[in-house]
Amino acid sequence: MARFQRSTVPRLLYTLYSTKAAPSSSPSPTASLLLGNFEVRHFSAGSAARAKDDKEPWWKESMERLRNIGISAHIDSGKTTLTERVLYYTGRIHEIHEVRGKDGVGAKMDSMDLEREKGITIQSAATYCTWKDYQINIIDTPGHVDFTIEVERALRVLDGAILVLCSVGGVQSQSITVDRQMRRYEVPRLAFINKLDRMGADPWKVLNQARSKLRHHAAAVQVPIGLEENFKGLIDLVQQKAYYFHGCSGEKVVTEEVPADMEAIVAEKRRELIEMVSEVDDKLAEAFLNDEPISPADLEEAVRRATIARKFVPVFMGSAFKNKGVQPLLDGVLSYLPCPVEVSNYALDQTKNEEKVMLPGTPDGPLVALAFKLEEGRFGQLTYLRVYEGVVRKGDFIVNINTGKKIKVPRLVRMHSNEMEDIQEAHAGQIVAVFGVDCASGDTFTNGSVKYTMTSMNVPEPVMSLAVQPVSKDAGGQFSKALNRFQREDPTFRVGLDAESGQTIISGMGELHLDIYVERIRREYKVDATVGKPRVNFRETITQRAEFDYLHKKQSGGQGQYGRVCGYVEPLTPGSPVKFEFENMIVGQAIPSNFIPAIEKGFREAANSGSLIGHPVENIRIVITDGASHAVDSSELAFKLASIYAFRQCYSAARPVILEPIMLVELKVPTEFQGTVAGDINKRKGVIVGNDQDGDDSIITANVPLNNMFGYSTALRSMTQGKGEFTMEYKEHLPVSQDVQMQLVNNYKADKAAE
């Protein structure tokens, strides 16, 4: 032992025990000896301090200097404009372009031609930038409810978010939706009140709305200097400094003392901030109650703790379009949003019956990465990955846990909107993309040493369908290629075939969603498609129990077909997690057990189209209690057919009803048109559930059947002289009234007769 110098012991101990480079290797006898014979108290003070430094893992600093954030908001709140300014100030782009690109360039993050033309974001886009030696990965997301899946999957993989609110519009319907999504994925967030330069800007009204409508425990960390055309700068309540933005693009931030005429409001708002944070942070509360002076550093730490714990939302202010307030917001991202190791991420261990496993989120562990978004590019499939643990390198072999396939990583890139930069490796906390890896959205990759899967994102059901077909027969190959690609990229976009008419049916989240895809087929694949009338995705269900007893017997020379099934169908209990349940309660061997899967398959097939209007049947439980089989003539086909006929036989006795999608519609109309609009909603069989006043506008919330909402945007414009606006999102499926049911059934029968 004498040959080891004491000062080298900590280094040796660290090398042998602290790194996880080879977790499987057992410690050598020398190491055990070392550990047995030395104790830390024998080290000199200097070497103990060195030991502490040595125990700082190699990745600690780079992880602490990493932020993954998303920018989400209601339509037209300024998300893409804000991202454009962030990229400019961090040096990622060298000139600013506006969203509706009049100069023919358009914003960097809206790389699709359609996005630039319409001035909306359709696909979320990822980028990264560096600010004060911190690396920030940013995902800019769409605001329109039809592209809600883009927001879902971005928030699923991010550690923090910026919720952008318009200082005039305030908290709008889509702000509430994205805030709900942030809660679902437990994402800490900052709020940014944008557009303070606009007429009617009132940040304090918006802050109160955030507290009442979003139930945010929020307070301002900044106070604006002037509003509307007098908006000059901001005062930071934590540091108690005033910021002014000079230069042609606001790139020079000038720090000054708080103006004398604003000292009173700054003191009042700072006290309000301290009070709000004290309610959720014990350490600050103690100082506050003891009347101790609270330094900027103490307040900043308290705000950070409360924000990461999701108990507080700091509110920033500014005008992205006028280049004011973006740099302090970036500082706020560094100061208050978590780095990857400060967020709890869980995986499900497939070897232990999906037991929840906490991921430390360090590059030392085994690789765990989630594929959260796919894009078909010029060079094949581009898969966006969020690395949760471990390191992924170019040329490594990784395992797709969902399919069990082992894949080599051929190319690893970092994304900057639609541009790529090749990299050799990426570690935990980073968002990268890989090429040529075949997988689906939501698949988990590991290095093969663990069988973990990450929980996937919430995918809403499509609510609207269109029949599409290519104009020319020769374009069939390109047409199906386009549909296959869009289906892989977007989990809310579904493609099906109408068995009766042979038409291709596409389903999605709304009119705009489907219009965009039809337009993309035309532009990107040069296929002109004819579009049928939009159809609503109705469902059918049963309301009472009904018995069935069906014998399928067919003799046609040679082996015949024989199968008998008895049992009952009944509605599932409300709130059931599944839409279809099958249970075998046969005692004994009346039907050999190898035919049971065929019976279930037959019932599932029959439930795909109900006899009322041919739409799928939901919320149904089928129980099979008895049956009969024949030693020779029974077969899987015989029992499958028996099940299909048995279902049709008992379906009408179970009092079937039609369910229709009900939409949650929020309208914002000038008060003078309130009566006309409310009357029109009643005509459309809508139920008004809320009516608020916001200045000169009325905000009406209603539940309206989707079937009655076609062409509503045109109707609303004509009723309100073009001043009304509305947003809608899917709420639930509910039974239709008896007269509507009769009408739908008669239309269905007439269509079938015409064919």
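## Salt bridges overall

A search of the whole structure turns up 32 salt bridges. The model is a predicted one.

## Helix α14: Arg485 and Glu489

Glu489 forms a salt bridge with Arg485. Their closest N and O atoms are 2.8 Å apart. Both residues belong to helix α14, which covers residues 476–489. They are separated by about one helical turn, because they sit four residues apart in that helix.

Glu489 has a relative accessible area of 3%, so this residue is buried. Arg485 is buried too, with a relative accessible area of 13%.

## Helix α15: Glu519 and Arg522

In helix α15 (residues 511–524), Arg522 and Glu519 lie three residues apart. That spacing is about one turn of the helix. Their side chains meet in a salt bridge, at 2.7 Å from N to O. Arg522 has 39% relative accessibility and therefore counts as partly exposed.

## Strands β31 and β32: Asp549 and Arg564

A salt bridge also joins the side chains of Arg564 and Asp549, with an N to O distance of 2.9 Å. This pair links distant parts of the chain. Arg564 is in strand β32, and Asp549 is in strand β31 (residues 546–554). The two are 15 residues apart.

Both partners are classed by their accessibility. Arg564 is partly exposed, with a relative accessible area of 28%. Asp549 is partly exposed as well, at 40%.

Some salt bridges share partners. Through them, Arg485, Glu489, Arg520 and Glu524 are joined into one network. Arg485 and Glu489 are the α14 pair described above.

## Polar contact at Gln561

Strand β32 spans residues 561–571 and includes Gln561. The Gln561 side chain makes a polar contact of 2.8 Å with the side chain of His552. Gln561 has 18% relative accessibility. The cut-off for buried is under 20%, so Gln561 counts as buried.

## Negative surface patch

Six residues are named in a negative surface patch: Asp282, Glu286, Asp291, Glu292, Asp298 and Glu301. Two helices, α11 (282–289) and α12 (296–308), each supply at least two residues of the patch.

Asp282 lies in helix α11. Its relative accessible area is 65%. Exposed means over 50%, so Asp282 falls in that class.

Terms used: Residues are numbered from 1 along each chain as its sequence is written. This is a predicted model: local features need pLDDT of at least 70, side-chain atom pairs count only at pLDDT 80 or more; totals for chains, interfaces and linings use all residues. Side-chain values use heavy atoms; hydrogens and water are left out. Patches are made of residues with over 30% relative accessible area and no salt bridge: like charges are joined within 9 Å, nonpolar side chains (Val, Leu, Ile, Met, Phe, Trp, Tyr) within 5 Å. Accessible areas come from the Shrake-Rupley method with a 1.4 Å probe; for residues, only the protein chains shown count as cover. A salt bridge is a side-chain nitrogen of Lys or Arg within 4 Å of a carboxyl oxygen of Asp or Glu. Lys and Arg count as positive and Asp and Glu as negative; His and the chain ends are not counted. The place of a charge is taken as NZ of Lys, CZ of Arg, CG of Asp or CD of Glu. Buried means under 20% relative accessible area, exposed over 50%, partly exposed in between (1.4 Å probe, protein chains only). A polar contact is a pair of N or O atoms within 3.5 Å; within protein, one must be able to donate a hydrogen and the other to accept it, and residues adjacent in sequence count only if both atoms are side-chain atoms.
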